[in-house]
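Hello,

Here is the structure I said I would pass on. My notes on what was found in it follow below.

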Amino acid sequence: MNKNETPEEVRRWFSRAIQRLWPVALGSISLRKSPCIRENCSACQSGVGHSSYALAGYRGEQRFSIYVPDELAPDIQRAVENGRQLQELMKEAGLRYVRARKSERRSKSRQ
Ligand SMILES: [Zn+2]
């Protein structure tokens, strides 16, 4: 990591870093028990029941949960992992941007 990078260099680093981060999602994906509509369902009667994946999280104060078909679960899991990485990148970008603006300010006051 370059100690004296410019704000423009930080911008270019960030743009490159987020390019590989797609798809993205915030929240968590987990298996949940889902209700069954069938009558006399053997899975329900045996107590096994049915489970399906869901993506859950918060939108402001509001909790959301959306059904995820089994075959999409690995992709959505990847989106959640990318989302976490994106948050980490944003934290790093903020720190590097502040440092870059400060060193820019110092070099201007020296002129
Ligand atoms: Zn059932």
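The donor residues of the zinc ion follow the spacing C-x4-C-x2-C-x5-H in sequence. This is a predicted model, in which local features need pLDDT of at least 70 and side-chain atom pairs count only at pLDDT 80 or more, while totals for chains, interfaces and linings use all residues. Residues are numbered from 1 along each chain as its sequence is written, and side-chain values use heavy atoms, with hydrogens and water left out.

Zinc site. Cys-36 (SG), Cys-41 (SG), Cys-44 (SG) and His-50 (NE2) coordinate the zinc ion at 2.0 to 2.4 Å (donors are N, O and S atoms within 2.8 Å of the metal, or 3.2 Å for Na, K and Ca; water is not among the atoms, so sites may look incomplete). The site is tetrahedral, with angles of 96 to 115 degrees among its 4 donor atoms (four donors count as tetrahedral if all angles lie between 85 and 135 degrees). Cys-41 is buried at 8% relative accessibility, whereas Cys-44 is partly exposed at 37% (buried is under 20% relative accessible area, exposed over 50%, partly exposed in between; 1.4 Å probe, protein chains only).

Around Trp-13. Arg-96 lies over the face of Trp-13, 4.0 Å from the ring centre (the criterion is NZ of Lys or CZ of Arg within 6 Å of the ring centre and within 35 degrees of the ring normal). Trp-13 is buried, with a relative accessible area of 16%.

Glu-104. This residue is partly exposed at 28% relative accessible area.

Regards

Methods
Tetrahedral: all angles 85-135°; square planar, octahedral: opposite > 155°, others 65-115°.
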